[in-house]
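Hello,

Here is the structure we discussed handing over.

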Amino acid sequence: MNDAEYLIAERSGRIFIKIVGNARYTNSAEFGNFVLNDLLKKSHSEEVLLDLSETKFMDSTVMGLIARLAGYSISKFQAKLKVKSQNKVINDLLYNTGFNDYILIIDDIDEQNYKGLNCSDNHDNSLEKLILEAHKALSEMNEINRKEFKTVIEMLSKSQED
């Protein structure tokens with residue numbers, strides 16, 4: 001079931017990303033490809049902003065992709081990733097997973113002319129690589145995550161070797 005939208009806009013050197021709905025590994029392949037291949041490797045952006053105001057749920061794979069965004073923001077701009085979210089459940093999820101040092105919760109992001117990414121349900125080998133990369137990013141955030149996601153990372157790494 002594809003029940004999330006991943007929306008992107010670009011204006012004046014700023015990249016705006018909005019996640020709407022229930023963001024899961026099963027509907028995040030295009031978003032993951034955008035983050036890992038387009039944004040992190042090719043972008044000449046001056047800032048990335050993330051809008052989670054309409055996010056109802058996100059799993060650890062999507063949180064790992066956000067961890068990559070947050071790491072990118074800190075390394076490229078020497079600033080925490082700005083995240084719009086008033087949802088206490090989402091904010092608690094982020095903070096309880098160790099995002100405190102990587103994100104700054106803000107009240108507003110100007111509405112943009114977003115374009116959707118095609119996020120089809122996908123279960124191929126590239127999705128497995130995406131899930132592995134996302135969980136590695138989460139595990140790099142702190143020791144608690146390193147322990148929490150160790151088994152998942154080992155299992156996915158072994159699967160990639162086969």
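Of the 18 residues of α2, 13 are buried, so this helix is largely enclosed by the rest of the structure. Please keep in mind that this is a predicted model.

Helix α2 covers residues 60-77; at 1.5 Å a residue it should span 26 Å, and its end C-alpha atoms are 25 Å apart, which agrees. At its start, a side-chain oxygen of Asp 59 comes to within 3.1 Å of the backbone nitrogen of Thr 61. Just after the helix, Gln 78 has a positive phi of about 55°.

Helix α5 takes in residues 143-161. Its 19 residues should span 27 Å at 1.5 Å a residue, and the end C-alpha atoms lie 25 Å apart, which agrees. There is a bend of about 50° at Phe 149 in α5. Phe 149 is also buried, as are Asn 145, Ile 153 and Leu 156 of this helix. The N-terminal end of α5 is capped by Asn 142, with a side-chain oxygen 3.2 Å from the backbone nitrogen of Ile 144.

The loop residue is Thr 97, located between α3 (88-96) and β5 (103-106). Thr 97 has 8% relative accessibility and therefore counts as buried, the cut-off being under 20%. A polar atom of its side chain lies 2.5 Å from the backbone oxygen of Leu 93. Apart from neighbours within four places in sequence, Thr 97 is in contact with Met 63, Leu 138, Met 141, Asn 142 and Asn 145. Among these, Asn 142 is the residue that caps α5, and Asn 145 is one of the buried residues in that helix.

Regards

Note on methods:
Residues numbered from 1 in each chain as written. Predicted model: local features only at pLDDT ≥ 70, side-chain atom pairs only at ≥ 80, totals over all residues. Heavy atoms only, no water. Helix = DSSP H or I, 4+ residues; strand = E, 2+ residues; numbered from the N terminus. Expected span 1.5 Å × (residues − 1). Buried < 20%, exposed > 50% of the residue type's maximum accessible area, 1.4 Å probe, protein only. Polar contact = N/O pair within 3.5 Å; in protein donor to acceptor, adjacent residues only side chain to side chain. Bend = angle between axes of the 7 residues up to and from the residue. Contact = heavy atoms within 4.5 Å.
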